[in-house]
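Please read this briefing alongside the sequence and the model.

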Amino acid sequence: MIEARGLTKRYGSTVAVDGLSFDVCPGRVTGFLGPNGSGKSTTMRMVMGLDRPDAGKVTVNGRPYHDLPWPLREVGGLLESKAMHPGRSARNHLWAMAQTHGIARPRVDEVLELVGLAAVAGRRAGKFSLGMAQRLGIAAALLGDPAVLLFDEPVNGLDPEGILWVRTLLKRLASEGRSVFVSSHLMSEMALTADHLIVIGRGRLIADEPVTSFVASSSRHSVRVKTPDPERLRRALEEAGARVDDDRPDGTFTVTGLTAADIGDLAAELGVALHELAPQAGSLEDAFMELTRDSVEFRAEDAVEVQP
Amino acid sequence: MTVVTAPARLASLPPGHYGLLGALRSEWTKLRSVRSTVWSLAATIVAVIGIGILASAATAARWRSGHFEDRLFFDPTSVSLTGYFVGQLALGVLGVLTISAEYGTGAIRSTFAAIPHRPLVLAAKAILFGTVALVVAEVVSFAAFFIGQALLSGSAPTATLSQPGVVRAVAGGGLYLTVLGLLALGIGSIVRHTAGAITTFVALLLILPLVIAAFPASIGHPIGKYLPLVIGNSMTATTPRGAHADFLPGFAPWTGFGLLCAYAAAALLAGAVIMVRRDP
C-alpha cells in the first residue's frame with residue numbers, strides 16, 4: 001500500500017509534482033499515466049526515498065521509506081533501466097543488493113531465472129541491451145519478495161514477447177495480493193495491464209479511477225449519422241441539446257451528447273430516413289488525449305511551424 | 001510462448017533492521033567485482049615498488065659522482081620510498097571511483113534503495129576501502145624499502161628497520177597513502193562526478209604545491225606545510241630534509257599525519273552531509 005498526500009517537488013522555478021495525493025492499493029495493478037515530463041518518475045523516486053519532497057509526504061505500508069527496517073523486503077522498484085554499474089555482472093549486482101538484507105544467494109539465481117537472464121548472469125551489465133537491462137532491473141525489484149512494487153516504464157526497450165511477459169508478470173504479482181504501481185506514457189499499454197488508473201499532467205492529479213469508468217466518463221461517446229435530409233435532422237438534434245460536428249456534403253455528421261437510440265427515435269418522429277447510425281466507441285487513447293490536452297509540457301505544434 | 005513463473009515467497013521479515021555488517025558485505029562484493037579496483041591496485045603496486053627500484057638503482061649507480069651536500073643529507077629510506085609520489089595518484093583514483101562511479105552510472109540509486117540511511121553507505125565504503133588500501137599500501141611500502149636497500153647496498157649507505165625513524169617512515173608511507181585515499185573518497189562523495197573529483201584531487205595534491213613553491217619562501221613555506229604532498233614527504237623521510245624536500249619544508253611526521261587525518265575526516269563528513277541533502 002502506497003499513500004501519497006500533498007506530494008510536491010520543485011526544481012528551481014519548475015514545479016515537477018504539485019500537491020499529488022493518491023493511494024496504490026494491494027491486489028491490483030495501478031497504472032500511473034501522464035505525458036512525458038509530467039512528474040511520474042519524480043513521484044516514484046519520492047516513494048522510494050531517493051528524492052526528498054519539498055512538501056507533503058508519502059508512506060509505504062504506513063511508514064516513510066526511510067523508516068522501513070528492511071526496505072527491499074517491503075518495496076521493490078524498477079526506477080530506471082541503468083541503475084547499475086556497467087562493469088559489474090548481473091549476478092554480482094543482485095548479490096551486492098541481497099547482502100545488505102541478508103538475502104541468501106539462491107534467491108539471486110532464482111530471480112535471474114525468473115526474468116530469463118540466468119544464461120547471461122555472469123556477463124557485465126554494461127554489455128546488456130536495453131531490454132536485458134530492464135529485465136535485470138525487474139529482477140532487482142523482485143529480489144526481496146516485496147508486497148509493494150514500482151515499475152517506471154517497464155516495457156521500454158522490450159520486444160513484443162518481452163512486453164507480453166511484463167504484462168503477464170504484473171497481473172500475476174497483483175493477483176498474489178501485491179500493490180503494483182506501473183508508469184507509462186502509453187495509454188494503450190495501460191489499457192491492457194492496469195485495473196486502476198492515476199493520471200497526472202504537469203505534476204497535478206487529473207484522474208484517479210478504475211480503467212473502465214475512466215474510459216466511460218471522459219471519452220466523447222459520439223455517433224456517426226448519415227441521412228439524405230441533414231438540415232432537418234441537424235436542427236432537431238441541436239434543439240435536443242446534442243452537438244453536431246464534422247458536417248460533410250454527403251450528409252454525414254457526428255453527433256455528441258445523445259445515444260444512437262435517441263437519435264434513431266428522433267429521426268423516426270421527424271420521418272427522416274437514416275442511411276447510417278454508428279456509435280463510435282471512445283478509445284482509452286482518446287480519453288487520455290482529451291484529459292491531458294491542456295497539460296502537455298512539450299507539444300509538437302508549438303515548436304514546429306514551418307512556413308512554406 | 002511466454003511462460004511466467006510466480007516468484008517464490010521468502011520467509012517472513014527477520015527481526016531488527018539493515019545495518020553496517022550487511023553494508024560492508026555488499027561493499028566488499030562491489031569492490032571486488034569491478035575491474036577498476038584490480039587496475040588501480042595493480043597500478044599502485046607497480047608505481048610504488050617500480051619507481052622505488054628505479055630511484056634506488058639510479059642513486060646507487062651515481063653515488064660516487066654525487067655532490068658532497070647530497071651525500072651529507074642522504075636518506076636511503078626516503079629514496080627507496082620515492083614511488084609513493086605516483087602510487088598516491090593510483091590509490092586516490094580508486095578512492096574517488098569507489099563512490100563517484102556509483103553516481104556516474106546510476107548504481108547509487110540501487111544502493112540507496114537498499115540502504116536509505118545514506119551515511120551508513122559512506123561509512124561502509126570508508127571502512128572497506130580504508131582496510132584494503134592499508135593492507136596494499138603497507139605491503140608495497142615495506143617491499144619498496146627492502147628492495148631499495150638491497151639495490152643501494154654496496155654502493156651507497158643503506159638503512160635498516162632498527163635505525164631511528166626508519167620503521168616510522170616505512171609504515172608511515174603506507175599510512176599516508178591510506179589516509180590520502182580516504183581523502184580522495186571524501187572528495188568523490190562531495191563532487192560526485194569522477195572527472196571533476198579526480199581533477200580536484202590532483203589539483204590539491206600536485207598542482208597546488210607547484211603554485212605555492214613559486215611564492216617567496218616567507219609566504220610559501222608557512223602555507224606549504226599544510227599540503228598533503230609535503231606531509232607525505234616528511235612522513236616517508238628519516239631526516240628533516242628527506243630526499244625530496246627541496247622546495248617546501250614540512251611539519252614533524254606525526255603532526256602532519258594528524259593534519260592529514262583531519263582533512264580526510266572533514267572531507268568524508270562534508271560528503272556525508274551532501275549525500276543526505278542532495279537527491280541522487
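In this predicted model, 37 residues of chain B are in contact with 45 residues of chain A, where contact requires C-beta atoms, placed from the backbone, within 7 Å. Being predicted, the model is described with local features at pLDDT of at least 70 and side-chain atom pairs at pLDDT 80 or more, while totals for chains, interfaces and linings use all residues. Residues are numbered from 1 along each chain as its sequence is written, and chains are lettered from A and ligands numbered from 1 in the order in which they are written.

**Chain B side of the interface**
- Helices α1 (20-32), α2, α5 (84-105) and α6 (107-114) of chain B each supply at least two residues of the side touching chain A; helices are DSSP runs (H or I, at least four residues), numbered from the N terminus.
- This side of chain B has 18 nonpolar, 12 polar and seven charged residues; Ala, Val, Leu, Ile, Met, Phe, Trp, Tyr, Cys and Pro count as nonpolar, Asp, Glu, Lys and Arg as charged, and the others, Gly among them, as polar.

**Helix pair in chain B**
- The axes of α2 (residues 35-62) and α7 (residues 118-152) of chain B come within 9 Å and cross at roughly 20°; axes are lines fitted to C-alpha atoms over the stretch in contact, with angles from 0 to 180 degrees between N-to-C directions.
- α2(B) is therefore roughly parallel to α7(B), a term for angles under 35 degrees.
- Residues of α2(B), including Leu41(B) and Ile45(B), meet residues of α7(B), including Val136(B) and Leu152(B).
- The residues of this contact of α2(B) with α7(B) comprise 14 nonpolar, six polar and no charged.

**Domains of chain A**
- Chain A is divided into domain 1 (2-217) and domain 2 (220-281), with bounds from an automatic or database domain assignment.
- The centres of domain 1 and domain 2 of chain A, taken over C-alpha atoms, are 46 Å apart.

Key: Parallel < 35°, antiparallel > 145°, perpendicular 65-115°, else oblique. Contact = placed C-beta atoms within 7 Å.
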